[in-house]
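Hi,

Here is the structure I promised to hand over. Have a look at it first, and my notes on what turned up follow below.

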Amino acid sequence: MPEVPTASYDEVPYSDYVFPYTHPASVAAVAALFGMRPADPARCRVLELGCWSGANLIPMACDLPGSEFVGIDLSPRQIDHGRRAVAALGLTNIDLRPGSILDVDDRFGRFDYIVCHGVYSWVPAEVREGILAVCKANLAADGVAYVSYNTYRSAAQGSARARPALSWRFWREPSAPATRSTAVCCGGRQICSTRRPTQTFITTTWRR
Ligand SMILES: C[S@@+](CC[C@H](N)C(=O)[O-])C[C@H]1O[C@@H](n2cnc3c(N)ncnc32)[C@H](O)[C@@H]1O
């Protein structure tokens with residue numbers, strides 16, 4: 001996988017997207033359906049890795065004033081953009097920080113939800129490993145991590161029986177070429193899968 005130049009995200013504007021399925025209420029609902037006891041979304045801590053301008057986190061912060069949101073992204077330009085939006089909205093429960101996922105350590109504290117959307121497939125192996133390391137080190141008890149990654153089209157065309165195998169493959173070979181399918185896993189166990197017609201992601205959710 002080619003290296004992604006740090007400066008590219010500062011030089012080339014990227015659209016602001018919102019991913020409703022990363023909202024803590026959505027992640028909590030899926031986790032609860034499978035027997036987990038996730039934190040109350042109304043009183044939780046959320047970390048987004050590769051948060052871009054905070055476009056995904058800022059609406060959550062508006063929606064859940066009793067919760068705390070931290071986002072980190074390598075692009076200072078986009079973080080500045082997001083910080084201006086946070087200031088304009090008068091939000092005090094969100095902190096957007098410029099920096100690398102590899103900089104996340106104990107000082108960030110523990111989070112009930114960790115979101116990493118649209119990053120895993122685009123970063124070098126060192127950062128992919130860093131994403132998983134943060135999920136391991138910074139999740140609170142009963143915390144849930146949501147990590148998406150692009151997948152080969154072939155998997156989307158495969159049978160339902162193929163998808164658990166692909167999920168397993170991801171666990172064993174994180175650097176394996178991407179496939180196109182979607183799976184949600186808890187503690188390494190696949191709990192559901194979905195498909196989309198044109199673009200799909202594998203989404204893996206861990207619990208501590
Ligand atoms: C394809 S964009 C996805 C942005 C957003 N999460 C989304 O899904 O729309 C990838 C993002 O990852 C960020 N990124 C890449 N490497 C990173 C790193 N090592 N640490 C933090 N952010 C990183 C980029 O700056 C960029 O904002």
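Let me start with helix α4, residues 76–89: its 14 residues reach 20 Å from the first C-alpha to the last, close to the 20 Å expected at 1.5 Å a residue. (That expected span is 1.5 Å times one less than the number of residues, and helices are DSSP runs of H or I with at least four residues, strands runs of E with at least two, numbered from the N terminus.) Gln78, Ile79, Gly82 and Val86 of α4 are buried, where buried means 20 or more other C-beta atoms within 10 Å of a residue's own, exposed means 12 or fewer, partly exposed lies in between, and C-beta atoms are placed from the backbone. They cover an arc of only 100° around the axis, which puts them on the same side of α4; the arc is taken from the directions from the helix axis to the C-beta atoms. Arg84, Ala87 and Ala88 are exposed on the other side of α4. After α4 comes Gly90, with a positive phi near 70°.

Before going further, two notes on the model. It is a predicted one, in which local features need pLDDT of at least 70 and side-chain atom pairs count only at pLDDT 80 or more, while totals for chains, interfaces and linings use all residues. Residues are numbered from 1 along each chain as its sequence is written.

Overall, the chain has 7 helices and 8 strands, and 42% of its 208 residues count as buried.

Helix α5 is next. Arg128, Ile131, Val134, Cys135 and Asn138 are buried in α5. Seen down the axis of α5, these buried residues fall within an arc of 125°, so they line one face of the helix. Ala125, Glu126 and Lys136 are exposed on the other side.

Ile131 also belongs to the largest nonpolar core, which has 41 residues; Ile131 is among those that touch the most other members, as are Val46, Leu49 and Tyr113. (Such a core is a set of buried Ala, Val, Leu, Ile, Met, Phe, Trp, Tyr and Cys residues joined through C-beta atoms within 7 Å.) Strand β5, residues 139–150, gives this core its largest share, 6 residues. Beyond its neighbours within four places in sequence, Ile131 is in contact (C-beta atoms, placed from the backbone, within 7 Å) with Leu49, Ile101, Cys116, Val119, Tyr120 and Val147.

Happy browsing!

How values were computed: Contact = placed C-beta atoms within 7 Å.
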